[in-house]
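Hi everyone, thanks for making time. I'd like to walk you through one structure, so let's bring it up on the screen.

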Amino acid sequence: SSVTERYRTGYHFQPPKNWINDPNGPMYYNGIYHLFYQYNPKGAVWGNIVWAHSVSTDLINWTPLDPAIYPSKPFDTNGCWSGSATILPGNRPAILYTGIDPSNRQVQNVAYPKNISDPMLREWIKPDYNPLMAPINGINSSSFRDPTTAWHGPDGRWRVIIGSKKRRRGMAILYRSKDFVHWMKAKHPLHSSKNTGMWECPDLYPVSKSGRNGLDPSANGKGIKHVLKVSLDDKKFEYYTIGHYTFQTDRYVPDDTSADNSTGLRYDYGKFYASKTFYDSGMKRRVLWGWMNESDSTISDITKGWAGIQCIPRQVWLDSNGRQLVQWPIKEVESLRQYKVQFQNRVLANGDLFEVKKITAAEADIMVDFHLGSLDKADTFDPTWTDPQLLCNQKGANVPGSIGPFGLLVMASSGLEEYSAVFFRIFKGQHKPVVLMCSDQSRSTLQPDVDKTTYGGFVDVDIEDGKLSLRSLIDHSVIESFGALGRTCITARVYPTIAIGNKVHLYVFNLGTETVKISNLKAWSMGKAKIN
Ligand code: DQQ
């Protein structure tokens, strides 16, 4: 297969060619899902940014349309950067986005559908009263971008937050408006955190304290928590907190369930950035989109002719323990499942390698329920091991342990010259077992100039009953993994040279001295989605 084709996805969103980054303005409107995204119409590197546009009725199969928002006015002449959609009363969609003006200042603009009766909302107009918000009164004009979906307060005013920083303090600047035209900056940011640097693509939304249903952005009252997510420009990863947002004071205060800095909770501990959620009023759920960038070199991207994909949309809800979010691929992805294999009650002793045959291992959905025996022999957890990624680097898939490493070898060549390992290790902690989840790409390809970083996250799950599950969505150059039913997620991008197409194999392995059992394994060949 050609270099252009071999790493392209079968069911993850991407355009036919060129560079893409952040998902923008996702929304559900009159029965149609819209996805806009940062796009370079002229090449496979970042630049010339417009809002490309695709529509879908199931979030899996997509029809491309012409770019919806592109430089055409002084207030966006140098670029149309990220932003969000808001459905205004009377069922009128609006988009807030960052424009780059002639002096390269970042300003916030609004755009409306030109013809509301076009079900595809193809054309968007930008009123001449733009920009709505300019970087004045001490706001840094190169650190002022990515407006969120707006929400409505009990006082009848709209609110929106914009990512920013003041020196090293990252912040979400708040604006209010009565009419969506005139916007006033609030005295205090909605939230800020020292030493985190620029906050890109903030996202604030309500989650229910019980159940999985999503909530409208303006939902308020009892039984609700809020989530604030930010993308850290310095680190190129995101973190979020669960907290309390008070409409009266317009302040957000994180709970103490996780650190409010880059050591805090993450949607995804791998390649996942500039994400955004939206409320799907049709299915009453909140859906998360995230950009998965490449791990190969810029030169390779130019040779491939494309760079960047979007994740499989994930439903998000608050874990019943209230400490974190849970994420799970939207159920529509299951419509692509084809040939299925299933095994039950397979024992995996130390050194066992069990091949899952007969499915297309390069384009697959695999779900394994493990059952652990006694945890008595687990290695002891050293409390100084606070960085899960570092721990996964030191204890990669080839380093034996007591309980684990066990998990999947994916995108593997038959002689194991190439493979990636998605696996767990269980440690004896001070109060309860510590579960570590890793995605080890160090052997993913024989190519040298590829980022093969190993990723890791701890999994906040109760395993006293011995149950622990792992699901991976495998898609040629994508490994999107969900530990413990979506409590910890890790995405990796890989570029094998042997493990390509029908030369790809899939295994379950155990390199721990303790036996683990596969209580149930289901794996499916995945069909191709119709994408763009
Ligand atoms: N990408 C956009 C910005 C945003 C950044 C520009 C995040 O609006 O801050 O393409 O990836």
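Let me start with a pair of strands: β31 and strand β32 (residues 455-459) pair in the antiparallel sense, over 5 bridges. Two strands count as paired if DSSP finds at least two bridges between them. Within this pair, leucine 436 has phenylalanine 458 in β32 as its bridge partner.

Two housekeeping points. This is a predicted model, so to speak of local features we need pLDDT of at least 70, side-chain atom pairs count only at pLDDT 80 or more, and totals for chains, interfaces and linings use all residues. Residues are numbered from 1 along each chain as its sequence is written.

Back to β31. Strand β30 (residues 420-428) is joined to β31 by 7 bridges, again antiparallel, and a hairpin of 5 residues links the two. Here phenylalanine 424 has methionine 437 in β31 as its bridge partner.

Is β31 buried or exposed? Of its 7 residues, 7 are buried; that term needs 20 or more other C-beta atoms within 10 Å of the residue's own, with C-beta atoms placed from the backbone, whereas exposed means 12 or fewer and partly exposed is in between. Both faces are covered, with Val434, Leu436, Cys438 and Asp440 on one side and Val435, Met437 and Ser439 on the other.

Now a second sheet. Its 4 strands form an open, antiparallel sheet in the order β5-β6-β7-β8. β5 (80-88) and β8 (124-125) stand at the edges with a single partner strand each, so one side of each has no neighbour in the sheet.

Among the surrounding residues are Asn21, Asp22, Trp81, Ser82, Glu200 and Cys201, each having its backbone-placed C-beta atom within 6 Å of the ligand. The shell divides into 4 nonpolar, 4 polar and 4 charged residues.

Finally, the whole protein. We have 3 helices and 37 strands. The C-alpha atoms fill a box of roughly 70 × 50 × 40 Å along the principal axes. Buried residues make up 51% of the 532.

Thanks, and I'm happy to take questions!

Definitions and conventions. Ala, Val, Leu, Ile, Met, Phe, Trp, Tyr, Cys and Pro count as nonpolar, Asp, Glu, Lys and Arg as charged, and the others, Gly among them, as polar.
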